[in-house]
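Hi there,

Here is the structure I promised to pass on to you. Have a look at it first, and then read on for what turned up.

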Amino acid sequence: MVRLGWLRSPQSIEVRFGTSRAGAVDVALYTMASVDGVVAAHPEVDWEQLRGVEKGQRSPLASLRPATTPARASEYPANA
């Protein structure tokens, strides 16, 4: 849904694994309102079919084209 431009992360945090900085990764955070709004904003998607996708099956969302307007880098803060 991020690739499609349906969700944007307003913030990310750094999560460290172990004591080394080498084990750190940035994790995107999303608001519940933005996640909850995806279904209503995209009635063209068969959400029941999507919920029924089994482990190892390709998601029907994979065949959709991304939004025509790419997100600006400023919309994805590296560390807020």
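**What turned up**

Let's begin with Ile13, which sits in strand E1. Its relative accessibility is 34%, so Ile13 counts as partly exposed. Please keep in mind while reading that this is a predicted model.

Ile13 also belongs to a nonpolar patch on the surface, together with Phe17, Val25, Val27 and Leu29. Together these residues have about 380 Å² of accessible area. Which element gives the most to this patch? That is strand E2 (residues 24–29), with three residues.

Now a step back to the whole chain. The protein chain has two helices and two strands, and from the N terminus on, the order is β-β-α-α. Of its 80 residues, 14% are buried. The accessible surface is about 6,200 Å², and carbon and sulfur atoms account for 56% of that. If you take the contacts between residues at least 6 apart in sequence, 52% of them join residues at least 24 apart.

Next, the salt bridges. How many does the structure hold? There are two.

- One links the side chains of Glu14 and Arg16, at 3.0 Å from N to O. Glu14 is partly exposed because its relative accessible area is 28%, while Arg16, with 51%, is exposed. The cut-off for exposed is over 50%.
- Another links the side chains of Arg51 and Glu48, again with 3.0 Å from N to O. Both residues lie in helix H2 (residues 47–51), three residues apart, which is about one turn of the helix. Arg51 and Glu48 are both exposed.

The start of the chain is worth a look too. Met1 lies in the segment before strand E1 (11–16). With 37% relative accessibility, Met1 is partly exposed. Which residues does Met1 touch, leaving aside those up to four places away in sequence? They are Trp6, Leu7, Val38, Trp47 and Leu61.

Finally, a word on confidence. The average pLDDT of the protein chain is 82, and 80% of the residues score at least 70. Over residues 70–80, however, pLDDT stays under 50. For that stretch the model has 19 contacts beyond four places in sequence.

Technical notes: Residues numbered from 1 in each chain as written. Heavy atoms only, no water. Helix = DSSP H or I, 4+ residues; strand = E, 2+ residues; numbered from the N terminus. Buried < 20%, exposed > 50% of the residue type's maximum accessible area, 1.4 Å probe, protein only. Contact = heavy atoms within 4.5 Å. Areas by Shrake-Rupley, 256 points an atom, 1.4 Å probe, with all protein chains shown as cover. pLDDT = per-residue confidence, 0-100. Patch = residues over 30% accessible without salt bridge, like charges linked within 9 Å, V, L, I, M, F, W, Y side chains within 5 Å. Salt bridge = Lys/Arg side-chain N within 4 Å of Asp/Glu carboxyl O.
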